[in-house]
Amino acid sequence: ARVFALVRDGARLVVTGAPIELRPDEVGVDVGANHGAEGVCAVGDVVAIALETAGQDARGRWAPVVVIDRARGTRVVHRVRLSSATGKLSALDCWREGETLRAMAIERHFEVTRVLRFTLDASVEITPTVALDLGPVLRGTLNLEGLARLPDGRMVAVVDNQYRSITGPDELLVFAAP
């Protein structure tokens, strides 16, 4: 998988620098077609990239989240434990609280729709907290593809209702702060 850095140049976005390469031997999963970087966030020089492809080991299913500190030239591949038997990461947002890098992601797959919260620290293994389980309410009817945390702590999810065909309008869902 490759991720490109962009900067705004007036009304255009322009690619800057070389792409960020994420190789299967580095991230621990074989990134197949249409299963690449589903979520990206940045805080200063730190970029976090969530891959949609899930891995499996003796402890269960996990999703790679790669944290790159562009100023220091370091990379850490985290294994974020998934909370369901089928879900994959589809969105990611991150922010700083003091020196701590916090993150939230959407884990989804049809009937599974959960907002996960976790800290991106030195730990490779991360067991997130399920901040919001939308599965019982949405029952797979909305395809959440984006996620952002507002300054007041509320969460905004982006609905992209295109799966094989357009199944509804694009929408923004706003949730109270957890």
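A polar contact is a pair of N or O atoms within 3.5 Å; within protein, one atom must be able to donate a hydrogen and the other to accept it, and residues adjacent in sequence count only if both atoms are side-chain atoms. The legends below describe a predicted model, in which local features need pLDDT of at least 70 and side-chain atom pairs count only at pLDDT 80 or more, while totals for chains, interfaces and linings use all residues. Residues are numbered from 1 along each chain as its sequence is written, and side-chain values use heavy atoms, with hydrogens and water left out.

Figure 1. Strands (E, at least two residues) and helices (H or I, at least four) are DSSP runs, numbered from the N terminus. The side chains of Lys88 and His109 are joined by a polar contact of 3.4 Å. Lys88 is buried and has no salt bridge. Here buried means under 20% relative accessible area, exposed means over 50%, and partly exposed lies in between (1.4 Å probe, protein chains only). A salt bridge is a side-chain nitrogen of Lys or Arg within 4 Å of a carboxyl oxygen of Asp or Glu. For Lys88, the nearest side chain of opposite charge is that of Glu52, 4.8 Å away; Lys and Arg count as positive and Asp and Glu as negative, whereas His and the chain ends are not counted. Apart from neighbours within four places in sequence, Lys88 is in contact (heavy atoms within 4.5 Å) with Glu52, Arg61, Ile106, Glu107, Arg108 and His109.

**Figure 2. Salt bridge between Arg79 and Asp57.** Side chains of opposite charge can pair when their charged atoms come close. In the pair formed by Arg79 and Asp57, the closest N and O atoms are 2.8 Å apart. Arg79 belongs to strand E7 (residues 74-81) and Asp57 to strand E5 (residues 55-57), so this pair ties together parts that are 22 residues apart in sequence. Arg79 is partly exposed, at a relative accessible area of 25%, and Asp57 is likewise partly exposed, at 24%.

**Figure 3. Salt bridge between Glu125 and Arg81.** The two side chains meet at 2.7 Å, N to O. Because Glu125 lies in strand E11 (residues 125-126) and Arg81 in strand E7, the pair ties together parts that are 44 residues apart in sequence. Glu125 is partly exposed, with a relative accessible area of 33%, whereas Arg81 counts as buried at 7% relative accessibility.

**Figure 4. Salt bridge between Arg154 and Asp152, with the network around Arg79.** The side chains of Arg154 and Asp152 meet at 2.8 Å, N to O. Arg154 is partly exposed, with a relative accessible area of 35%, and Asp152 counts as partly exposed at 48% relative accessibility. Elsewhere, salt bridges that share partners join Asp57, Arg59, Arg79, Arg81 and Glu125 into one network. The structure holds 13 salt bridges.

**Figure 5. Gln56 in strand E5.** Gln56 is exposed, with a relative accessible area of 58%. Not counting residues up to four places away in sequence, Gln56 touches Arg61 and Trp62. The C-alpha atoms of Gln56 and Val29 are separated by 8.9 Å, and the two residues are 27 residues apart along the chain.

**Figure 6. Positive phi values at Phe110 and Arg139.** Phe110, a residue other than glycine, has a phi near 50 degrees. Phe110 is placed in the loop between strand E9 (100-109) and strand E10 (112-119), and is partly exposed, with a relative accessible area of 46%. Arg139, also not a glycine, has a positive phi of about 45 degrees. Arg139 lies in the loop between helix H2 (135-138) and strand E13 (144-149), and counts as exposed at 63% relative accessibility.

**Figure 7. Asp160 in the loop between strand E14 (155-159) and strand E15 (162-163).** Asp160 is partly exposed, with a relative accessible area of 27%. Residues up to four places away in sequence being left aside, Asp160 touches Asn143, Glu145 and Asp170. The C-alpha atoms of Asp160 and Val46, which are 114 residues apart along the chain, are separated by 27 Å.
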